[in-house]
Amino acid sequence: MNTNSLVSISDITKEEMLDLLERASYFEAHPNSKLLDGRVAATLFFEPSTRTRLSFETAVNRLGGRVIGFSDASTSSTSKGETLKDTIKMVSNYADIIIMRHFLEGAARYATEVTDVPVVNAGDGANQHPSQTMLDLYSILKTQGKLEGLNIAMVGDLKYGRTVHSLLMAMRYFNPVFHFVSSPQLRMPQEYIDVCRREGIAYTEHTEFSPEVINSADILYMTRVQRERFSDAMEYEKVKNLYTLRNAMLADSKPNLRVLHPLPRVNEIDRDVDDNPKAYYFEQARNGVYARQAIITRALGIQIPPK
Ligand code: CP
């Protein structure tokens, strides 16, 4: 096992998170370098992705490294029955770092147990998405000028949305006030509610996406209902259209409010929000390159700023 792996945001301390944010800021100012000259990154995506895979690959390319991997596991020997263990052991022969998305919760943790190469979890089922959290934190810091004491509304699929789980675990260090807006079927899992209770974090659960929630928020974190996690299509049909943010709903929001979304979106943010200066989701995705450059260099033990 490599201790520089990043499987869950809970694996790193507040200080390590702040170090990653400083690194991200460095890479925003210095996006291109040869820090990974001669190194190879493997991107193994057992689930679809646009932003995560392409921003990780952009990060490696901008750092002067090379990328191998697959974006569709059906083109790999997984389709012939090769196990995840054997796949990871093989790729460890070729790459200096493994960046992996998998549909099974715990798959990235398992990968760390069968290799000495650092593993970065690019999303495991409905569990965690720590690199998304680092770009979310970076986006929050850039737009709010601080992480402390913010009012954060999380809206939509709080059950299956791995990004909100990771974000909650990261923000718990920064004295937040949370508003969780979801249908009863998709409420924040009890284990995360328990974290809030145990750590004295203020939170309120809502089923209504009310003006009070919107107008008190510093960050409105919208999420997609994760159709691919439902075993019953009818259950998805019941909840898929419950919450849609429209531009008019932002009329009385705070001046510093920013709307975030890990993307992709379906219908939870109307297109008429896109031109509102408070819409930040496209810039948020761009921040993913800097945050992932930070994660990769940390995982490989590269000092930033370089000597
Ligand atoms: N935010 C996110 O994980 O997007 P992708 O699924 O496109 O990687």
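**View 1. The loop holding proline 264.** Proline 264 is placed in the loop between β9 (258-260) and α10 (281-299), where helices (H or I, at least four residues) and strands (E, at least two) are DSSP runs numbered from the N terminus. The peptide bond from leucine 263 to proline 264 is cis, with omega near 5°. This is a predicted model, in which local features need pLDDT of at least 70 and side-chain atom pairs count only at pLDDT 80 or more, while totals for chains, interfaces and linings use all residues. Residues are numbered from 1 along each chain as its sequence is written, and side-chain values use heavy atoms, with hydrogens and water left out.

**View 2. The segment after α10, with proline 305.** Proline 305 is found in the segment that follows α10, and the peptide bond joining isoleucine 304 to proline 305 is cis, with omega about -5°. Most peptide bonds are trans, and most residues other than glycine have a negative phi.

**View 3. Asparagine 175 between α6 and β6.** The loop between α6 (162-171) and β6 (177-181) contains asparagine 175. Phi of asparagine 175 is near 55°, a positive value in a residue other than glycine.

**View 4. The surroundings of the ligand.** Ser49, Thr50, Arg51, Thr52, Arg101, His129, Gln132, Pro262 and Leu263 surround the ligand, a residue being counted as near if one of its heavy atoms lies within 4 Å of the molecule. By class, this shell has two nonpolar, five polar and two charged residues; Ala, Val, Leu, Ile, Met, Phe, Trp, Tyr, Cys and Pro count as nonpolar, Asp, Glu, Lys and Arg as charged, and the others, Gly among them, as polar.

View 5. A polar side-chain atom of threonine 52 lies 2.6 Å from an oxygen atom of the ligand, a backbone N or O atom of threonine 50 lies 2.8 Å from a ligand oxygen atom, and a side-chain N or O atom of arginine 101 is 2.9 Å from an oxygen atom of the ligand. Taken alone, the ligand exposes 250 Å², of which the protein buries 91%, as computed by the Shrake-Rupley method with a 1.4 Å probe.

Definitions and conventions. Polar contact = N/O pair within 3.5 Å; in protein donor to acceptor, adjacent residues only side chain to side chain.
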